[in-house]
Amino acid sequence: MNALSEFLASKDIWRDPLLASVIAGGLCGFLGVYVVLRRTVFVSAALTQLSTLGLICALLAEESLHFEAEHAGVQLAVSIVFSVAGALLLGALQARRRLPAEAGVGIAYVVAGALVVLGANRLVHAAHDLNAMVFGNAVAVPFSDVLVLGAVALVCALVHLAFAKELVFTSFDGETAAALGYSTRAWNGLLYFTIGLAIPAAARALGALPVFAFLTIPASAALLFATRLRTAFLVATVLGLVAAAGGYALSWIWQLPTGATMVALAGIFVIPGAIAKGARG
Amino acid sequence: MPIDAQPRPILPEAPARAPGVPLLVLEGAAIGYDSPLLEGVSLEIAPGDFLAVVGPNGGGKTTLLRTLLGVLPPLAGVRRQPAPVRTGYVPQRDHVDAYWPLTVADVALMGRYPALGLGRRPGGEDRAEVARALARVGIADLARRSFRTLSGGQRQRTLIARALAASPELLALDEPTNGMDPAAELSAMDILRDLHRQGGLAVVMVSHRLEAVANYARRLAFADKDKGLWRVGALEEMLTPEALSALYGRAVTVREEGGRRFVYPEGGGERA
């Protein structure tokens, strides 16, 4: 009870990080429905790695240019460029027939991962921050990051509200959509653009690995029992939001790593859906 | 029967189209992805046509259909579409992901999306059109059922209903009876025949099951990339032992019994 009181009394410290976590959790939960249904879970893993690689590149550039202060905005911008470029490239690769799409995703994932390790090895001053950025253990999120995340969430929400039927149709049955005149490449590009935009912004609040988890777990939990697509989107968004907020609060109260607590809590949400699915047979 | 319960036409009135103007044309086309699968493909689809494209698996039939519909550009030659064509498309059933949590009505409603345009949501008239399409293929009672819980035949009907919901002038189908049992296959083909006869719908379907189409199509096309074979003509002209033997590389018997045509390769019990 004392820990809870202490947590509530520290509102000024956790307000912005919690707000950022909630937005990021909800956003990733929503987009995760597409990620899971399109069987592109590892695309989101690769994009998360590319986003981290962008961050490493920005940190290396800051160190090599001897910048005294960190430029969070620049770091985020570079991460977004890497992630969006990777999203568009991987989306385009899915339309090609020379190599299985999984091969391109796998290559992007492992090469980006290797470059992250190599880049982190060269960091001198920022290395201590990197673990928190990747695993989401950062307690403080500046309000400027909350604003950027809010803007990204708004852009994604507007795109998905305006073009819901096109994005669903081209994702569900791209062959028929193409036969009826839709440019599936353009619509896939738009979908991957929103995912590529969301990942680096969400990673600033949650950490890279929790973002991957939030793009997978809430949607999987929702899809286990949802019989309507609209319900799946709604439930996945709410689960992402609750897991992020609940995980943040619990990690504060029990002095646990933030990202891991969020992911563990999200994992618990899969259980009711699995039971419901099992009961239905 | 109440006066207003007259049977509705299957399809709304087609837009005015100058007589003799085809819906789609391929002229001397080479079709394929990176290199040509078939060359010298010339084909016209007229309003009210019923064309079946047959040939072995992997013979280029689906690629031809995709080129005809404008999804793939021809590698050589010309594809023409003199005027916009309202098209309904039925993909191979296995190509549609049944994991999505969509109802039968949700899936069928997608057929209305192209006509709605960007940013517009389906309204009451769209849902009424979907209900009519589902009734037409005999699954009105399944409208609220989850697509993933349907049998193969019911899914196929749903996909046909989705194509009909577009109020098409042209219905294109890719192996619509693949994996169906004989009764379901006959039922699906009967639906297509009725739509063609009563609605004046042009039908283009590809199938590797010659017997499935021999009793329904008006025109037949043979496509086999391995033999470099492309041939199209009236059903009676194409459904001959000589023409079929050239396609399948073995003697084929065509027999008519009880008003139905049967096609057998000779020297074995297996049907073509």
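How many Å apart do the C-alpha centres of domain 1 of chain B and domain 2 of chain B lie? The C-alpha centres of these two domains of chain B lie 25 Å apart.

## About the model

This is a predicted model, in which local features need pLDDT of at least 70 and side-chain atom pairs count only at pLDDT 80 or more, while totals for chains, interfaces and linings use all residues. Residues are numbered from 1 along each chain as its sequence is written, and chains are lettered from A and ligands numbered from 1 in the order in which they are written.

## Chain A

The secondary structure of chain A comes to 15 helices and 0 strands, where helices (H or I, at least four residues) and strands (E, at least two) are DSSP runs, numbered from the N terminus. Chain A has 281 residues, and 47% of them count as buried; a residue is buried if 20 or more other C-beta atoms lie within 10 Å of its own, exposed if 12 or fewer, and partly exposed in between, with C-beta atoms placed from the backbone. Among the contacts in chain A with a separation of 6 or more, 80% are accounted for by residues 24 or more positions apart, and two residues are in contact if their C-beta atoms, placed from the backbone, lie within 7 Å.

The mean pLDDT (the predictor's confidence in each residue, from 0 to 100) of chain A is 86, and 90% of its residues reach 70 or more. Within chain A, confidence is highest in helix α8 (residues 164-172), at a mean of 96, and lowest in helix α6 (residues 127-135), at 66.

## The two domains of chain B

Chain B is divided into domain 1 (21-85 + 169-272) and domain 2 (93-168), and such bounds come from an automatic or database domain assignment. The contact between them takes 11 residues from domain 1 of chain B and 8 residues from domain 2 of chain B. On the side of domain 1 of chain B that touches domain 2 of chain B, β6 and α6 (182-199) of chain B each supply at least two residues, and the largest share, 3 residues, comes from α6(B). By class, that side of domain 1 of chain B has 8 nonpolar, 2 polar and 1 charged residues. Here Ala, Val, Leu, Ile, Met, Phe, Trp, Tyr, Cys and Pro count as nonpolar, Asp, Glu, Lys and Arg as charged, and the others, Gly among them, as polar.

In soluble globular proteins, nonpolar side chains tend to be buried together.

## Strands and a helix in chain B

Two strands pair if DSSP finds at least two bridges between them. β5(B) and strand β6 (residues 170-174) of chain B pair in the parallel sense over 4 bridges, and in this pairing B:Tyr89 stands opposite B:Ala172. Both faces of β5(B) are covered, with B:Thr87 and B:Tyr89 buried on one side and B:Gly88 and B:Val90 buried on the other. By contrast in direction, strand β10 (residues 252-257) of chain B runs antiparallel to strand β11 (residues 260-265) of chain B, and 6 bridges join them. B:Val252 has B:Pro265 in β11(B) as its bridge partner, and in this hairpin, which has 2 residues between the strands, B:Gly258 takes a positive phi near 60°.

Helix α1 (residues 61-68) of chain B is mostly covered, as 8 of its 8 residues are buried. After α1(B) comes B:Gly70, whose phi is positive, near 90°.

## Where the chains meet

The contact between the chains takes 19 residues from chain A and 20 residues from chain B. On the side of chain B that touches chain A, β5 (87-90) and α3 (113-116) of chain B each supply at least two residues, and the residues of this side divide into 14 nonpolar, 4 polar and 2 charged.
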